[in-house]
Amino acid sequence: MIIIGEKLNGAIPVVAQAIAKRDGEFIRQRALAQAKAAQDEDYFEEPVPLYIDVCASTDPSVELETLKWMIDEVQAAIPDEMDNVAIAVDSPSASVCAEAFKFCKKPGIVNSVSMEKDAEGRIKTDIVFPAIADTDWGCIALLCESGIPQSVEDRMQVFDKIMAKAKEYGIAPSRLYIDPLVEAAATNQAAFTLFSECCKRIKDQYPDIHLTSGLSNISFGFPGFRKPLNMAFLALAMNAGMDSAIVDPTNKDMVGLMYAVELLKEQDEDCMNYISAHRQGLL
């Protein structure tokens, strides 16, 4: 399972405060805590692939400069020997993503593109895909064009358009992380069914492609008792083919669940990763 660590997002109040104060120590400590949660060579032969999501959530006029500062702090915090750790550059602006990824020392993931247009009328894939075409960068792609499509067929039509753009710019399927999008179950009880069916169809067409999602959207609207829904969504989505998630890597319940599902799906030879996760204190 590929983890995209979610704890360095300016939408989180304590992170926003650190950004406003330019508290580099806070950023570095939070980055390193996520990195350490995904790697312990004493227990795991192959550390978990981790991308630390870096999102400024600031005014657009200072977003690019803020992202550079955050990226520099994260890279200063992560030791070179942690070669399983990279950065996911996160911005709602495709133009910012297309510039900010250049601040990173090694390939990571751009978060994200879609078939939506920016304020200047440019399709987001047409901004990011050519920028990363001749690199080893991955990219999250959302199945939306104008709002969230309300049927599997409509989402798959958007998927086909994204894959046509990827082919045009020479982006291999293995570099893409498709987010089929999940709505809140509180307002749409078919939310997971739509997500799951998209996952299965996408994997049937492109076995090497990645599938990803944030976990918390499914439980929006259930304040105070969201955890069971988030955990159920993670398990069911992994069974549908999702191999990546935007999640807190220091959350032992979520990470432990990932190892348990991989064991039950016969993706953990001799149960060794599950046992190692217990020894590391993740279970």
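## Helix H5 and its surroundings in a predicted model

The buried residues of helix H5 pack against H4, strand E4 (109-113), strand E5 (138-142), H6 and E6. Helix H5 covers residues 125-132. Its buried residues are Thr125, Ile127, Val128, Phe129 and Ile132. This is a predicted model, and everything below is computed from it.

### Overall build

The chain holds 10 helices and 8 strands. Its radius of gyration is 18 Å, close to the 19 Å that the globule rule gives for 283 residues, so the chain is as compact as a globular protein of that length. The C-alpha trace spans about 50 × 45 × 40 Å along its principal axes.

Of the 283 residues, 52% are buried. The accessible surface of the chain is about 13,200 Å². Carbon and sulfur atoms account for 51% of that surface.

### Partners of H5: helices H4 and H6

H4 is one of the elements that the buried residues of H5 pack against. Helix H4 runs over residues 94-100 and includes Glu99. Glu99 is partly exposed, at 35% relative accessible area. Val89 lies 10 residues from Glu99 in sequence, and their C-alpha atoms are 9.8 Å apart.

H6, residues 152-169, contains Arg155. Is Arg155 buried or exposed? Its relative accessible area is 0%, so Arg155 is buried, the cut-off being under 20%. Leaving aside residues up to four places away in sequence, Arg155 touches Leu143, Ile148, Pro149, Pro180, Leu181, Glu183, Leu194, Phe195 and Cys198.

Phe159 is also in helix H6. Phe159 is buried too, with 0% relative accessibility. In an α-helix, residues three or four places apart point the same way, because there are 3.6 residues a turn.

### Aromatic pairs

How many aromatic pairs does a search of the whole structure find? There are 7. One of them joins Tyr51 and Tyr177 in an edge-to-face arrangement, with 6.5 Å centre to centre and 75° between the planes. Tyr51 sits in strand E2 (residues 50-55) and Tyr177 in strand E6 (residues 176-179), so the pair ties together parts that are 126 residues apart in sequence. Both tyrosines, Tyr51 and Tyr177, are buried.

Phe159 pairs with Tyr206. Their ring centres are 5.7 Å apart and their planes stand at 75°, so this pair is edge-to-face. It links distant parts of the chain, since Phe159 belongs to helix H6 while Tyr206 is in the loop between helix H7 (191-205) and strand E7 (210-211), 47 residues apart. Phe159 is buried at 0%, whereas Tyr206 is partly exposed at 26% relative accessibility.

Phe192, Phe195 and Phe233 form one aromatic cluster. Phe195 is also among the residues that Arg155 touches.

### Backbone exceptions

Most peptide bonds are trans, and most residues other than glycine have a negative phi. The model departs from this at several places.

Which residues does a cis peptide bond join? They are Asn111 and Ser112, with omega about 20°. Ser112 lies in strand E4. Strand E4 is one of the elements packed against by the buried residues of H5.

For Cys271 they are helix H9 (252-264) and helix H10 (272-280). Arg22 is partly exposed, and Cys271 is partly exposed as well.

### Drawing it together

Helix H5 has buried residues that pack against H6 and E6, among others. H6 supplies the buried Arg155. E6 supplies Tyr177, the partner of Tyr51 from strand E2. The cis bond between Asn111 and Ser112 reaches into strand E4 through Ser112.

Terms used
Residues are numbered from 1 along each chain as its sequence is written. This is a predicted model: local features need pLDDT of at least 70, side-chain atom pairs count only at pLDDT 80 or more; totals for chains, interfaces and linings use all residues. Side-chain values use heavy atoms; hydrogens and water are left out. Helices (H or I, at least four residues) and strands (E, at least two) are DSSP runs, numbered from the N terminus. The radius of gyration is taken over C-alpha atoms; the globule rule is 2.2 Å times the number of residues to the power 0.38. Buried means under 20% relative accessible area, exposed over 50%, partly exposed in between (1.4 Å probe, protein chains only). Accessible areas come from the Shrake-Rupley method with a 1.4 Å probe; for residues, only the protein chains shown count as cover. Contact means heavy atoms within 4.5 Å. Rings of Phe, Tyr and Trp (its six-membered ring) pair if their centres lie within 6.5 Å; planes under 30 degrees apart count as stacked, over 60 as edge-to-face and the rest as tilted.
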